[in-house]
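Here is a friendly briefing on how the side chains of this chain pack together. Have the sequence and the model open as you read.

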Amino acid sequence: MKEKGYNSDERHIATSPEDRACLLSPDAVSLRSTSATPGLSFFRNRLFSFGSNSVEPASDAHDYSTAGIEAASATSQYTVLDEASASETSTILGAPHRNQSAAGAHLHSRHHNHLTGQYGALTSSASLSSCASQVPAQLEVESPDPRLFSDSRNDRFKAKAKYYLRYYFPILTWLPSYPVKAVLATDILAGLTIASFNMPLSLSYARTLCYVPERYGLLGFAFPQLVYAFMSTVPCMITGPEPGASVMVGQAITPYIFAGNPSPEEVEERAIIYVALITAVHMIVFMIMGFFRLGFLDALLSAGLLRGFLAAVGIVLTMDTLIPALGLSQLAIDTGVSTQPAAMKLAFIITHLPQAHGLSAAVSFISFGIIIFMRWFRSKYAKKYRFLVYIPDILMIIIFTTIMTWKLRWDQQGLAIVGQVDRPNIEMMSPLKKTTFSMFMDILTSGVIIALLGFFQTAVVAKNIYPDPPTDPRYAPPKNPTPSTNRELVALGFANLLGMFMFALPSIGGYGRSKANKIAGARTQLSSIVFALSTIIVTFGMLQGIYYLPRATLAAVLGLICLALLEDAPGDIIYYFRIHAWADLAMVCLVIGVTLAVSLQLGVTIGIGISVIQILRHATKPRIQVLARVPGTANTFRNADRPSHDVSETDLGTLEHVPGVLLVRIPEPLMFANTSALEQRLRRLERYGTMKMHPSLPAMRRGEQHVIMDLAGMSDCDTTAVKVLCSIVATYRAKGKYVLFARLVGDRKVSKLFKRAGLNRLLSYNGHRPAYYPTIEEALEALDECVFETPGAWVEEDDVSESEEKEKAFDEDDLVEGVGESETEVGSVDNEKVIMKSEMV
């Protein structure tokens with residue numbers, strides 16, 4: 001449903017004449033009749049619920065036509081509830097319950113006025129229009145396709161297909177609103193710049209690291225990048241073969257391609273097949289993770305791991321860049337240093353520095369100096385002279401040094417150049433066959449590991465490379481979907497699917513080239529499309545144009561990327577020192593140290609392993625808290641182990657513990673992962689009253705205590721946790737102690753689970769219903785009353801039918817209503833009360 005009109009003063013959208021006719025007020029949102037589409041009424045009820053649990057549904061006879069809405073709006077009232085009208089107090093072991101006569105003030109009928117900060121009740125069948133009249137000013141949003149709510153299955157399928165297509169192809173979202181005048185020139189120049197130095201680098205990845213012809217490196221940058229650009233949600237991301245991944249691919253296939261002393265031709269043929277199979281593994285892993293929505297695994301990357309990874313990549317690239325910049329590439333290959341760790345490469349550079357080639361070093365360092373100067377000059381004067389943004393300094397240096405090498409014949413003076421590259425032939429065929437099944441199984445494990453590391457590297461790029469918002473709104477990029485890890489995985493899967501059919505190197509996100517793309521001025525995915533198209537054109541028609549490109553110039557461009565990777569590391573390390581983030585600092589040092597000593601892959605793998613252990617340790621540790629009363633208050637309780645906004649570190653010792661009662665809070669959902677040690681930690685609190693005491697010390701609190709559990713944070717619970725709770729309550733009951741629950745905020749599912757597991761029967765005292773209370777204070781009052789009663793059996797009521805249960809609206813206070821105190825007492829029990837009360841005091 002496209003927009004037909006928009007009034008910025010009234011802050012609402014009028015999508016059609018019918019919609020504009022049924023506007024309620026200047027601040028209202030237009031509503032169309034839904035009498036023919038029942039599903040749409042539910043959608044609009046959810047739209048205007050404003051975070052409340054539910055909105056009171058209208059009757060079946062209610063009509064949402066224009067006249068009906070206007071009439072309802074005229075009679076509807078928005079009333080502010082006070083405490084007197086909202087509830088009244090009755091005693092259930094000292095617990096109040098809500099007045100059932102105040103049906104209009106029921107929890108699920110209350111509405112929060114976001115303009116005044118007050119709560120009110122929505123009365124009568126005009127609740128929807130009343131809620132709509134309270135809608136604050138909203139920005140323009142797209143109206144949903146009405147075919148989504150059609151009775152025709154074909155119409156619904158077409159509408160959903162349109163949204164799914166836009167979801168997985170974000171180019172359909174940002175391209176229609178592309179600001180041509182603002183960012184077109186910078187996107188094109190950025191794409192050409194990245195292509196000019198990435199194409200020669202891909203040749204090195206293919207031949208030197210993966211033992212395949214150079215054309216397969218170019219194919220890894222060409223067509224897969226074009227597919228990715230159409231499906232990507234990260235504007236500046238550039239995918240393709242990566243040096244780290246290429247090294248791992250070469251190491252994985254080396255034992256198989258050199259087995260049996262084969263000829264060079266046989267080595268090349270085997271390498272081509274194995275590389276294509278590893279690309280197929282990348283495709284399978286990315287597809288599975290994307291479609292099964294496993295992108296949340298990028299949460300394993302902690303801040304320290306991200307910073308250590310970026311710094312480690314910068315160090316590795318710096319060592320790999322200095323060798324060709326000094327003209328020592330051939331010597332490094334002859335001595336075998338090119339495959340050694342970064343520390344060995346640094347030692348090699350220092351040792352062989354006198355043997356550096358002067359012309360190569362001059363071209364490299366002069367080019368690097370010019371690039372750095374232009375970067376500084378542009379950052380200082382770009383606001384005053386806008387044309388500086390459009391100067392492609394990197395591309396100009398590449399073209400200039402290529403022409404100078406051709407004219408002055410620097411290649412004959414020892415300057416290394418790219419040289420001749422064979423034109424590739426496209427042969428679309430799958431490497432996955434019966435004849436290659438055994439080869440596929442040989443590299444499956446290594447391929448999965450490389451793919452997972454590629455996923456984490458791509459996640460790092462997606463989190464750190466998203467374009468910064470421009471200071472001038474005229475140059476803002478078009479609207480783009482929020483970066484999604486799951487959609488990035490699907491995009492990478494399809495990119496590698498095409499690369500697999502072309503036997504290309506695996507494609508993953510590269511931080512260095514993506515950072516360079518951003519530095520070059522890219523704002524949208526159009527730069528990636530330009531990069532892919534220019535790579536295709538050069539690959540199939542202009543390979544002779546890069547024949548004289550000096551490798552020293554490529555090293556200078558890579559030096560800029562290394563600087564971009566390392567420039568933020570000192571500031572982050574100082575920041576970790578200042579805030580005493582020793583865990584993050586240790587992670588940074590560990591990743592960098594292992595990378596220097598062994599390899600980048602091992603450093604990142606160890607960092608991910610430590611992050612996983614930390615996450616598991618955090619997830620399986622129950623965060624149970626001991627509560628104590630703030631002095632001078634009746635119902636204000638705080639964590640006795642940690643300071644809060646109103647209790648400082650020095651005031652923790654002044655908190656008042658309730659004698660004979662252990663107050664604990666469970667501030668999280670209870671699942672099988674975090675309940676194994678719950679009973680043990682509860683016993684520890686019972687012995688010491690704090691979690692800071694070592695369990696080897698003698699007990700600090702004497703005697704068994706009654707327990708009140710504050711379950712305000714326990715929003716969910718599984719069967720394992722319920723079993724543990726039953727065991728805890730049964731243990732205390734066997735000792736003659738009471739366990740009461742306060743502030744249970746779980747939904748109906750939790751309460752029904754408690755009942756089916758028998759927890760309600762264990763919590764019943766002296767014939768009363770289970771001890772659930774809305775506040776800790778009322779639980780303490782109830783404990784003071786019932787602790788002197790002899791525990792009795794509670795006969796559980798019969799289960800109501802499913803239909804009655806659905807019709808009955810759930811109220812949190814149903815758990816503590818409807819039961820009075822015992823009417824008869826025995827004289828011996830009175831005497832027992834006095835004795836037990838004096839003992840507790």
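Is I519 buried, partly exposed or exposed, going by its relative accessibility? At 28% relative accessibility, I519 counts as partly exposed, where buried means under 20% relative accessible area, exposed over 50% and partly exposed in between (1.4 Å probe, protein chains only).

This is a predicted model, so local features need pLDDT of at least 70 and side-chain atom pairs count only at pLDDT 80 or more, while totals for chains, interfaces and linings use all residues. Residues are numbered from 1 along each chain as its sequence is written, and side-chain values use heavy atoms, with hydrogens and water left out.

**Around I519**
- I519 is found in helix α21 (residues 511–519); helices (H or I, at least four residues) and strands (E, at least two) are DSSP runs, numbered from the N terminus.
- Leaving aside neighbours within four places in sequence, I519 is in contact (heavy atoms within 4.5 Å) with R375 and A564.
- I519 and L560 are 41 residues apart in sequence, and their C-alpha atoms are 9.7 Å apart in space.

**Nonpolar cores**
- The largest nonpolar core has 102 residues, and F197, V212, L301 and L505 have the most contacts inside it.
- Helix α12 (residues 264–291) supplies the largest share of this core, 12 residues.
- A nonpolar core here is a set of buried Ala, Val, Leu, Ile, Met, Phe, Trp, Tyr and Cys residues joined through side-chain atoms within 4.5 Å.
- F197 touches I394, I398, A516, L554, V557 and I561, not counting residues up to four places away in sequence.
- Another core, of 38 residues, lies apart from the largest one and has I624, V630, L662 and C717 among its members.

**Aromatic pairs and charges over rings**
- The count comes to 17 aromatic pairs, with rings of Phe, Tyr and Trp (its six-membered ring) pairing if their centres lie within 6.5 Å; planes under 30 degrees apart count as stacked, over 60 as edge-to-face and the rest as tilted.
- Y168 and F291 form a tilted pair, 6.2 Å centre to centre with 50° between the planes.
- Y168 lies in helix α6 (residues 153–168) and F291 in helix α12, so this pair ties together parts that are 123 residues apart in sequence.
- Y168 counts as partly exposed at 26% relative accessibility, and F291 counts as partly exposed at 45%.
- F741 and F754 form another tilted pair, at 6.2 Å centre to centre and 55° between the planes.
- F741 is buried, and F754 is buried too.
- Ring pairs also link F373, W376, F377 and Y381 into a cluster.
- The charged end of R487 sits over the ring of Y167, 4.2 Å from its centre; the rule asks for NZ of Lys or CZ of Arg within 6 Å of the ring centre and within 35 degrees of the ring normal.

**The sheet and its helix**
- An open sheet of 6 strands has the order β11-β10-β12-β13-β14-β15, with mixed pairing; two strands pair if DSSP finds at least two bridges between them.
- Its edge strands, β11 (637–639) and β15 (772–773), each pair on one side only.
- Strand β13 (residues 706–710) and β14 run parallel and are joined by 4 bridges.
- In β14, F741 is the bridge partner of M709.
- Helix α27 (residues 678–688) lies across β10 (625–629), β12 (661–665) and β13, running at about 135° to β12; axes are lines fitted to C-alpha atoms, for helices over the stretch in contact, and angles run from 0 to 180 degrees between N-to-C directions.
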